[in-house]
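Please look over the sequence and the structure before reading on.

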Amino acid sequence: MNSNDEFIIRKSGNYVPSYWGDFFISSFDLNSNSWTDERVNELKEEIKKILLSLSHDDPLQEMNLIDAIQRLGLGYHFEEQIDAALKRIHDLSVDDNLYFFALRFRLLRQGGYNVPSDGFKNFKDEDGKFKEDLSGDARGLLSMYEAAYHAFRGEEILDEAIAFARAHLKLLVNQVNASLARDIELALEKPMRRAMVRIRARQYISVYEIDEQRNDVLLELAKLDYNSLQRLHQRELRDLSVWWKESGLAQKLSFARDRIVECYFWILGTYHEPQYSRGRIMMTKVIKLTTLLDDIYDVYGTFENWGHSLTQSKGGTWGP
């Protein structure tokens, strides 16, 4: 022990124990359900047929269905169909309807298309302000509000669109039907662009099921798929919790954060699809071990220790 260690003050974060404990190890029946898997496959085929039929005659309904699919967290099931649809949507002529134009704009930017934002100028008056007759179009304003969050740096017109839409949506939220009102509330709280996919999918299921224009096949698929994917995520958390508990590091390094569930939640926000299961598990372990290193340095690698080592170094070399 260095005789000068008594002058080094080590600070701990005083982290509380994990809130979850063994919750994910012993609390669930996580076996897959063969009936559910079969039903999901049946519903997927029905939705593919609907998408194919809409591709020929009704671009707005096709866009609405694609939007619902993505917002319900089902996009990974229909990647080929959505890619093909976006190519067709990209070739559509620009519509002067705000809802149509903004929905098309958002879907394309979500899909990686660099569509220009200049078209929003068509909804401005001669003074360069958004037209006041748009103030009562709740669906159009909501569509523009969500679309504008896909702005690139320097697209001031989209910043203006956000401010204009937000101000009027706050006034309209109590004047529309329950489904649209809840959709507006969610958007004002956190737009889709900034929301976690799985959390927003669960929220949107509740919105979509009270929408009079909902597709019941899609709604059933969304509920079954959400529960199925949730079971997969819970199985991953169970395996990670067992790994962490068996490592014994929570007891050996009691000053560090015991946060395996939170580390998993972090990477779940990046990719949630079932095909990335192994990646989620691996990255959670990496994040957890990195967190441990951070906590070790916070406690044992203090500035006082570092400065003291420098001043006590001999022969031009740094001390331990």
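Which residues does Y15 touch, not counting residues up to four places away in sequence?

## Basis of the report

The structure is a predicted model, in which local features need pLDDT of at least 70 and side-chain atom pairs count only at pLDDT 80 or more, while totals for chains, interfaces and linings use all residues. Residues are numbered from 1 along each chain as its sequence is written, and side-chain values use heavy atoms, with hydrogens and water left out.

## Overall fold

The protein has 14 helices and zero strands. In this count, helices (H or I, at least four residues) and strands (E, at least two) are DSSP runs, numbered from the N terminus. The pattern along the sequence is accordingly α-α-α-α-α-α-α-α-α-α-α-α-α-α.

Of the 320 residues, 42% count as buried. Buried means a relative accessible area under 20%, exposed means over 50%, and partly exposed covers what lies in between, with a 1.4 Å probe and protein chains only. Among the contacts (heavy atoms within 4.5 Å) with a separation of 6 or more, 69% are between residues 24 or more positions apart.

Y15 is placed in the segment before α1. The residues that Y15 touches, leaving aside those up to four places away in sequence, are F255, A256, R257, R259 and D295. Y15 is partly exposed because its relative accessible area is 34%. The C-alpha atoms of Y15 and S254 are separated by 8.8 Å, although the two residues are 239 residues apart along the chain.

A250 belongs to helix α11 (residues 249-252). A250 and P17 are 233 residues apart in sequence, and their C-alpha atoms are 9.2 Å apart in space. With residues up to four places away in sequence not counted, A250 touches W244 and D258.

## The loop between α1 and α2

N33 is found in the loop between α1 and α2 (34-54). With a relative accessible area of 35%, N33 is partly exposed. The C-alpha atoms of N33 and S228 are 8.2 Å from each other, and the two residues are 195 residues apart along the chain.

## The packing of α4 and α5

Helix α4 (residues 79-90) packs with helix α5 (residues 98-110) at an angle of about 130°, and their axes are 10 Å apart. Axes are lines fitted to C-alpha atoms, for helices over the stretch in contact, and angles run from 0 to 180 degrees between N-to-C directions. The angle makes α4 oblique to α5. Angles under 35 degrees count as roughly parallel, over 145 as roughly antiparallel, 65 to 115 as roughly perpendicular and the rest as oblique.

The crossing of α4 and α5 is left-handed. A crossing has this hand if the near helix is turned anticlockwise from the far one by less than a right angle, and is right-handed if clockwise. In the contact, L86, I89 and H90 of α4 meet R104, L107 and L108 of α5.

## The two partners of α10

Helix α9 (residues 197-208) and α10 pack at an angle of about 150°, with 11 Å between their axes. The two helices are therefore roughly antiparallel to each other. The crossing of α9 past α10 is left-handed. R198, R202, I205 and Y208 of α9 make the contact with L218, L219, A222, K223, Y226, L229 and H233 of α10.

α10 also packs with α13, at an angle of about 40° and with the axes 11 Å apart. That angle makes α10 oblique to α13, and α10 passes α13 in a right-handed crossing. Here L232, H233, E236, L240, W243 and W244 of α10 meet S277, R280, I281, T284, K285, K288 and L292 of α13.

## The buried side of α12

Helix α12 (residues 260-268) has I260, V261, C263, Y264, I267 and L268 buried. These residues cover an arc of only 160° around the axis, which puts them on the same side of α12; the arc is that of the directions from the helix axis to the C-beta atoms. An α-helix has 3.6 residues a turn, so residues three or four places apart point the same way. The cover over the buried residues of α12 includes α1 (23-26), α10 (216-247) and α13 (277-300).
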